[in-house]
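Hi,

Here is the structure we talked about. Could you open it and keep it beside you while you read the rest?

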Amino acid sequence: DGSPLHHRTLEAMLCMGNLRLGRLGPARAIGDGELVNAPELQPQMAMCMGDWDRASRLLATARELTLKQGNRNEWTQLTLLYARLRMRLGDRAGAARFATDALDTLEPGECPYYEIPSRALLAGAGVDAGEHLDRCRALLDAHDYRGLAGAVALAETRVAVKDGNESEAHA
């Protein structure tokens, strides 16, 4: 589909990928009024720039709006990003609260694109780490979810460090 909405959505998705790689340029090129279908783009950019307060405000506002709109998909994406922000700021309890919120909204059955990052964040926050990591590994063993494996590896490292197992943390 060659519609303008389709192109702007694709552009926003590419910008998100670049932000996750630490490249801010493409996201900076998009004007605030041009954002479509990517409510997490501006908060993610604020996080990349170390503007934690702005990221938090943007996430809180966007989560509230998507909840009112009934958009569970975007709400879950924003909630997981908020959980990552809380974890990055050392607020394990806040990270666990948001990750639990995201996990609790999932439909019965598998939804690995949200379940894996939610469980990885919970494990990294020290909440039933073994149980959540086991479930993540089972999902990853069943299918190659590529980038989601990184969230699990980070959680495994956090758990190993918390448990004082440096050799496992460096593996």
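This is a predicted model: local features need pLDDT of at least 70, side-chain atom pairs count only at pLDDT 80 or more; totals for chains, interfaces and linings use all residues.

Residues are numbered from 1 along each chain as its sequence is written, and side-chain values use heavy atoms, with hydrogens and water left out.

The largest pocket has a volume of about 1,200 Å³. (On a 1 Å grid over the protein atoms alone, a pocket is an open set of points where a 1.4 Å probe fits, with protein on both sides within 12 Å along at least five of seven lines; lining residues have an atom within 4 Å of a point. Points are joined across faces, edges and corners, and the volume is the space filled by probe spheres set on them.) It is lined by 34 residues, and M16, R20, Q44, L81 and R84 are the closest to its centre. Two or more lining residues come from each of α1 (4-20), α3 (41-48), α5 (72-88), α7 (112-124) and α9 (148-162). Helices here are DSSP runs (H or I, at least four residues), numbered from the N terminus. The biggest giver is α5, with 8 residues. The lining splits into 20 nonpolar, 8 polar and 6 charged residues. (Ala, Val, Leu, Ile, Met, Phe, Trp, Tyr, Cys and Pro count as nonpolar, Asp, Glu, Lys and Arg as charged, and the others, Gly among them, as polar.)

The second largest pocket holds about 210 Å³. Of its 13 lining residues, P39, L58, T61, A62 and L65 are the closest to the centre. The largest share, 7 residues, is from α4.

Now the helix pairs. How do α3 and α5 pack? Their angle is about 15 degrees and their axes are 11 Å apart (axes are lines fitted to C-alpha atoms, for helices over the stretch in contact, and angles run from 0 to 180 degrees between N-to-C directions). They are therefore roughly parallel to each other, a label for angles under 35 degrees, with over 145 counting as roughly antiparallel. P43, Q44 and M47 of α3 touch L81, R84, L85 and R88 of α5, where contact means heavy atoms within 4.5 Å.

α5 also pairs with α6 (residues 92-104): the axes come within 7 Å and cross at roughly 165 degrees. That makes α5 roughly antiparallel to α6.

Cheers

Technical notes
Angles under 35 degrees count as roughly parallel, over 145 as roughly antiparallel, 65 to 115 as roughly perpendicular and the rest as oblique.
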